Amino acid sequence: MQRTAPDPQREPDPAPDPPVGLPVLPELAAYLSAAAGRTAPEPPGGSAPLRAAACGYWERRGLFTPADRVLAAPGAALLLALYAATDGAVVLPRPCSEWYAPPARLLGRPVHLAPVPAESGGVPDPFALLETVRRARMHGDTPRILVLAVADDPTGTCPPPEQLHEVCEAAAEEGLWVISDESRRDLLHDPHDTVVLSPAEMLPGEVVVLTDLRAALVPACWPVALARFPGTRRGEVLRDATRTVLAGLHIPLPGPLACAVTHALGEPDEVRDRVATAARVYGVLAKALHRTLTEAGALCRPPHSGSHLYADLEPLRRPLAARGITASAALERELAPWSARGGHRFGDAPEALRVRLGADVLLGADAASRQRVLDAADPLQLPHVRAELAALARLLEGLGGVAGVGAASGMPGPEGEAYADGGSYGDGGGDS
């Protein structure tokens, strides 16, 4: 839980990923094409029609939202503006999404990492959060923001409501703004078995809801995100300051893109059907990945949302070390064909043998393959999906894992166990 060091020389990115995500929905492509002649960009924070559509989007999720409390912008720019609009350090869960820390470092803001509990990722353990804030102040920093995720990347898990409530209470006690990343809340693998609440329902005056629409609603290459601010004087001040920063960045949303996104935010039948299908498909594929990893001896929380899961290969350290794999960067290189991202990219200690894998790699390398996965009653019966899972099982076995055939054959396998991420709270926090 120490203050993180200045961003060191970063590990080079792995080889380019295969095509990301699902095929573009034809109806959205048609709206984008129809607006292609629009030359005017969106105003800073988004136009009135776009923000009004965002209000309806949130109200369908139980969050009443007037249009004057909404800003829209590319996701990275919006998070950067939120950080810039406050004065102080940023607290993040460890591990956390790759895009949380870089904007803070770009601004020269200290970043402090608090480990997540064993049950799920996305939020820090509440006691670890309080200790992180205390130690940050001892080092002369003033934490102002806590970023958390109700449906987490990289772990693919959702914190239970009682855990989320404890973290929000701890943040409020310490005077922190909570930025709640809710980008993946619509990609629940089993909506009837997983309860997702927004911190804005718990602390309506202290929470900014952040939603990157690329996670579920629009194609992965459409850079647009939304921020919902509290309906308080303090929230109004933060919104105005954030909009001022956005205006200074001069990174507006393209006009044609805003038109298509406005349509998507209305969630017509074809958009709702696509999101539901994506959630189902990602659930099937992520569960198969989870089974393949746990059968090989890795520790991994069962994923509940989105397309990613986070594996700990510490039980295989001895055979991995015999092959020269002693850190997450080497593990990333070994698993590169499966779009692996080492845990060091998510704030974990570089020497930890943790890695994020994504179900996207199982979709196939071309649009036709990905469409077949979407259309399949059981994606695990498709030859290219079975081949990828079998290849991963063989590689893990070759690295020292236990031989397993459950995932490769589509047969049921044992459930994996959750691991206690980050060790004890006094382990130093793992500078990233």
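Colleague: At what angle do the axes of H10 and H13 cross, and within what distance do they come?

Modeller: Bear in mind that this is a predicted model. The axes of helix H10, residues 269-295, and H13 cross at roughly 95 degrees and come within 9 Å. Since angles of 65 to 115 degrees count as roughly perpendicular, H10 is therefore roughly perpendicular to H13.

Colleague: Which residues in H10 and H13 meet?

Modeller: On the H10 side they are Arg-274, Thr-277, Arg-280, Val-281 and Leu-285, and these meet Gln-371, Val-373 and Leu-374 in H13.

Colleague: What is Leu-380 in contact with, leaving aside its neighbours within four places in sequence?

Modeller: With those neighbours left aside, Leu-380 is in contact with Val-284, Leu-285, Ala-288 and Arg-291, and also with Val-385, Arg-386 and Leu-389. For Ala-288, the C-alpha to C-alpha distance from Leu-380 is 8.1 Å, although the two are 92 residues apart in sequence.

Colleague: Now H2 and H9. How do their axes cross?

Modeller: The axes of H2 and helix H9, which spans residues 255-265, come within 8 Å and cross at roughly 25 degrees, so the two helices are roughly parallel to each other. The crossing of H2 and H9 is left-handed. In H2, Pro-49, Leu-50, Ala-53, Ala-54 and Tyr-57 meet Ala-258, Val-261, Thr-262 and Leu-265 in H9.

Colleague: And Glu-42, where is its place, and what does Glu-42 touch?

Modeller: Glu-42 sits in the loop between helix H1 (26-34) and helix H2 (48-59). Not counting residues up to four places away in sequence, Glu-42 touches Ser-47, Leu-50, Pro-252, Leu-253, Pro-254, Gly-255 and Ala-258.

Colleague: Is the Glu-42 residue buried or exposed, and which side chain does its own side chain make a polar contact with?

Modeller: Glu-42 counts as buried because its relative accessibility is 3%, and its side chain makes a polar contact with the side chain of Ser-47 at 2.7 Å.

Colleague: What about Arg-239, which helix does it lie in, and what does Arg-239 touch?

Modeller: Arg-239 lies in helix H8, residues 233-249, and counts as buried because its relative accessibility is 11%. Not counting residues up to four places away in sequence, Arg-239 touches Asp-68, Arg-69, Leu-71 and Phe-229. A polar atom of the Arg-239 side chain lies 2.6 Å from the backbone oxygen of Asp-68.

Colleague: How do the axes of H3 and H8 cross?

Modeller: The axes of helix H3 (residues 75-84) and H8 come within 8 Å and cross at roughly 125 degrees, which makes H3 oblique to H8. The contact is made by Ala-77, Leu-78, Leu-80, Ala-81, Leu-82 and Ala-84 of H3, together with Thr-242, Val-245, Leu-246 and Leu-249 of H8. H3 passes H8 in a right-handed crossing.

Colleague: Switching to backbone geometry, which residues does a cis peptide bond join?

Modeller: A cis peptide bond joins Arg-94 and Pro-95, with omega about 5 degrees, and Pro-95 is placed in the loop between strand E2 (89-94) and helix H4 (101-106). Glu-267, which is not a glycine, has a positive phi of about 50 degrees; this residue is in the loop between H9 and H10. Ser-339 is also not a glycine and has a positive phi of about 55 degrees, and its place is in the loop between helix H12 (328-334) and strand E10 (341-342).

Technical notes. Residues are numbered from 1 along each chain as its sequence is written. This is a predicted model: local features need pLDDT of at least 70, side-chain atom pairs count only at pLDDT 80 or more; totals for chains, interfaces and linings use all residues. Side-chain values use heavy atoms; hydrogens and water are left out. Helices (H or I, at least four residues) and strands (E, at least two) are DSSP runs, numbered from the N terminus. Buried means under 20% relative accessible area, exposed over 50%, partly exposed in between (1.4 Å probe, protein chains only). A polar contact is a pair of N or O atoms within 3.5 Å; within protein, one must be able to donate a hydrogen and the other to accept it, and residues adjacent in sequence count only if both atoms are side-chain atoms. Contact means heavy atoms within 4.5 Å. Axes are lines fitted to C-alpha atoms, for helices over the stretch in contact, and angles run from 0 to 180 degrees between N-to-C directions. Angles under 35 degrees count as roughly parallel, over 145 as roughly antiparallel, 65 to 115 as roughly perpendicular and the rest as oblique. A crossing is left-handed if the near helix is turned anticlockwise from the far one by less than a right angle, and right-handed if clockwise.
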